[in-house]
Amino acid sequence: MAILIDQPSWPAHGTVWAHLVSDLNLDELHAFAAAAGLPRRGFDLDHYDVPEANYHELVAAGALPVTFREMIVRLRASGLRVTARERRGL
C-alpha cells in the first residue's frame, strides 16, 4: 500500500497544487500528512491539497509520484474516491 502524489499542476492562490492520497485508507493518509507537517485544513474528503513547494519534501518522505490518471485509478480501486457529484451532495 502506498501514499501517492501527482505532479503539481492545479493553479490556485498564487501557486500550483498537487494531490496526496492513500491507496489503502484515510488513517494512513492522515498519519503521513501529520508526520510531514501538513495542516488538516488541506484535507478535502479523499486527498490533501499540497503546494508545489512541498512536493519534493513529500516524495523524499516516501510519497510515490504518479500521474493524475494513475492516482484516480488507484483511488477508485481502494474505494476511497469521492466523486464531484458526491462532493456537491455533501
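Which residues have the most contacts inside the largest nonpolar core? They are Ile5, Leu20, Leu38, Tyr48, Val50, Leu58 and Ala63, in a core of 14 residues. This is a predicted model, in which local features need pLDDT of at least 70, side-chain atom pairs count only at pLDDT 80 or more, and totals for chains, interfaces and linings use all residues. Residues are numbered from 1 along each chain as its sequence is written, and side-chain values use heavy atoms, with hydrogens and water left out.

**Overall fold**

- The protein chain has four helices and five strands, where helices (H or I, at least four residues) and strands (E, at least two) are DSSP runs numbered from the N terminus.
- Read from the N terminus, the order of elements is β-β-β-α-β-α-β-α-α.
- The radius of gyration (taken over C-alpha atoms) is 12 Å, close to the 12 Å from the globule rule for 90 residues, so the chain is as compact as a globular protein of that length. That rule is 2.2 Å times the number of residues to the power 0.38.
- Of the 90 residues, 37% count as buried (under 20% relative accessible area with a 1.4 Å probe, protein chains only; exposed is over 50%, and partly exposed lies in between).
- Contacts (heavy atoms within 4.5 Å) between residues 24 or more positions apart make up 55% of those with a separation of 6 or more.

**Nonpolar cores**

- A nonpolar core is a set of buried Ala, Val, Leu, Ile, Met, Phe, Trp, Tyr and Cys residues joined through side-chain atoms within 4.5 Å.
- H1 gives the largest share, three residues.
- Another core, of seven residues, lies apart from this one and includes Ala2, Val21, Met71 and Leu80.
- Beyond its neighbours within four places in sequence, Val50 touches Ile5, Val16, Trp17, Ala18, Leu20, Leu38 and Leu58.

**Around the aromatic rings**

- Two aromatic pairs turn up in a search of the whole structure (ring centres within 6.5 Å, using the six-membered ring of Trp; planes under 30 degrees apart are stacked, over 60 edge-to-face, the rest tilted).
- One of them joins Phe43 and Tyr48 in a tilted arrangement, 5.3 Å centre to centre with 55° between the planes.
- Tyr48 is buried at 2% relative accessibility, whereas Phe43 is partly exposed at 21%.
- Phe43 also has the charged end of Arg40 over its ring, 5.7 Å from the centre (the cut-offs are NZ of Lys or CZ of Arg within 6 Å of the ring centre and within 35 degrees of the ring normal).
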